[in-house]
Amino acid sequence: MVDVVADNRHQRHWQKTLSRVSSRIETVPHYRSSGRIVRATGMVLEAVGLKVALGSACRIELSGHGETQYAEAEVVGFSGDKLFLMPLAEISGLSPGARVLPLSDGDGGSARRFPIGDSLLGRVVDGNGRPLDDQGPLDDAPFAPLATPPLNPLSRAPIEAQIDVGIRAINALLSVGRGQRMGLFAGSGVGKSVLLGMMARYTQADVIVVGLIGERGREVQDFIDNILGEEGRRRAVVVAAPADTSPLQRLQGASYATRLAEGFRDAGRNVLLIMDSLTRYAMAQREIALAIGEPPATKGYPPSVFAKLPGLVERAGNARRGGGSITAFYTVLTEGDDQQDPIADSARAILDGHIVLSRTLAESGHYPAIDIEASISRAMTAIVADDQQRQAQQFKQLFSRFQRNRDLISVGAYSAGHDPQLDHAVQIYPHLEQFLQQRIDEQATADQSRQSLTALIGGGK
């Protein structure tokens with residue numbers, strides 16, 4: 001009797017297996033189309049004989065010794081019957097007339113899918129979703145495409161709760177709301193990576209997703225080991241697409257990091273997304289656009305760059321009421337500390353606020369080097385009490401009053417008694433400066449930051 005039951009169970013198992021295989025075979029086309037490479041110039045390959053959608057993935061046959069090898073590429077444009085392909089990595093062994101095979105999911109779209117979900121927590125992956133940390137494959141993770149339908153802006157939950165980032169100056173004077181998207185504007189070497197690492201360790205979030213896009217390879221290891229730390233890494237996913245990867249991989253890495261954050265948000269979690277940097281993402285799109293012949297516009301950036309930026313940034317933010325959230329920090333590199341750089345100017349327009357890091361402050365040993373006068377949080381008025389708003393305004397007024405008269409004070413041309421507000425600013429300025437400074441190993445909670453601000457400004461009228 002036992003053998004009969006076992007045989008029946010075995011038979012049902014194989015019937016289900018055959019049914020699944022049969023349904024998959026039915027979706028496979030009866031023929032396989034292919035094209036061929038007719039031109040290779042720089043990073044772009046031209047192919048004919050195929051009709052696939054923009055953004056679809058293809059495989060290119062490479063000639064070599066032994067078995068046939070393939071390189072993956074993506075359709076980045078077309079002109080007439082020609083497709084413009086860009087490889088995901090540098091390829092060798094490409095010959096004229098090489099075959100191009102589309103990777104189709106049956107609907108004419110790209111079949112490339114990427115691992116998402118909890119199994120990636122604590123892992124470091126590249127822009128293709130492949131592990132970089134030697135901790136084994138991600139075969140058990142669910143896979144999904146990068147593209148997601150946009151959220152209805154009217155269905156998003158409003159930003160109405162403050163998120164604690166552990167930085168005193170930000171918590172008290174530039175309060176960030178859950179689901180807000182902030183820009184971190186800085187030149188090179190002014191401490192933005194250290195500030196991001198402090199946020200990653202101290203921010204009250206369920207999951208952290210870090211996208212290191214276009215940075216130096218050395219900085220990736222340094223950020224993971226020394227800045228993010230063991231505690232931060234346990235609840236984080238790091239997507240690394242360094243500067244030596246193809247522009248397509250850098251572009252894809254930013255989209256993949258955002259897709260990971262969306263997956264956690266859709267599961268009802270509060271996510272901190274750190275993207276370093278938005279400028280490298282724009283530069284990658286510039287390389288691709290110029291390579292396929294798009295005309296340059298502002299400072300060499302083609303128009304498609306400025307269309308891509310809001311498409312990426314708008315994917316962050318709150319989900320529907322009662323759902324999860326993505327609070328995002330995007331670093332923006334200001335070349336030569338030029339705040340009017342076209343990417344910086346465009347980012348300011350699409351983000352919910354910006355934090356500017358000053359080279360002058362960094363060179364004087366003032367860390368974090370936040371220029372409190374040039375920084376603003378657009379959501380602060382909706383998430384903090386009136387008392388804190390008033391105190392933050394008074395703080396900025398006193399700080400600004402001293403800065404405007406710094407030269408007079410330095411040369412001894414200032415004398416007390418003529419301007420009561422300036423007198424108070426001069427008296428309290430050392431405490432204001434001390435309030436803005438914070439050690440890398442020091443955490444300042446939102447409550448502590450408010451109490452410190454009240455103690456400093458509350459009685460200082």
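1. How many bridges join strand β2 to strand β5, and do the two run parallel or antiparallel? In this predicted model, strand β2 (residues 44–48) and strand β5 (residues 82–87) are joined by 3 bridges and run antiparallel. Within this pair, Ala47 stands opposite Leu83 of β5.

2. The β2–β5 pair belongs to a barrel closed by 6 strands, whose order is β1-β2-β5-β4-β3-β6 with antiparallel pairing. On average, neighbouring strands of this sheet are turned by 45 degrees against each other, direction ignored.

3. Concerning confidence, the protein chain has an average pLDDT of 87, and 91% of the residues score at least 70. Among the elements of the chain, the lowest mean pLDDT, 65, belongs to helix α1 (residues 2–27), whereas helix α2 (residues 168–173) has the highest, 96.

4. Helix α3 (residues 192–202) is mostly covered, with 9 of its 11 residues buried. Among them are Leu195, Leu196, Met198, Met199 and Tyr202, and also Lys192. The elements against which the buried residues of α3 pack include helices α2 and α4 (217–234) as well as strands β10 (181–186), β11 (207–213), β13 (270–276) and β15 (325–333).

5. Arg401 counts as buried because its relative accessibility is 19%, and the cut-off for buried is under 20%. The side chain of Arg401 makes a polar contact, at 2.8 Å, with the side chain of Gln421. Leaving aside neighbours within four places in sequence, the residues in contact with Arg401 are Asp419, Gln421, Leu422 and Ala425.

Conventions:
Residues numbered from 1 in each chain as written. Predicted model: local features only at pLDDT ≥ 70, side-chain atom pairs only at ≥ 80, totals over all residues. Heavy atoms only, no water. pLDDT = per-residue confidence, 0-100. Helix = DSSP H or I, 4+ residues; strand = E, 2+ residues; numbered from the N terminus. Pairing = 2+ DSSP bridges. Axes fitted to C-alpha atoms, helices over the stretch in contact; angles between N-to-C directions. Buried < 20%, exposed > 50% of the residue type's maximum accessible area, 1.4 Å probe, protein only. Contact = heavy atoms within 4.5 Å. Polar contact = N/O pair within 3.5 Å; in protein donor to acceptor, adjacent residues only side chain to side chain.
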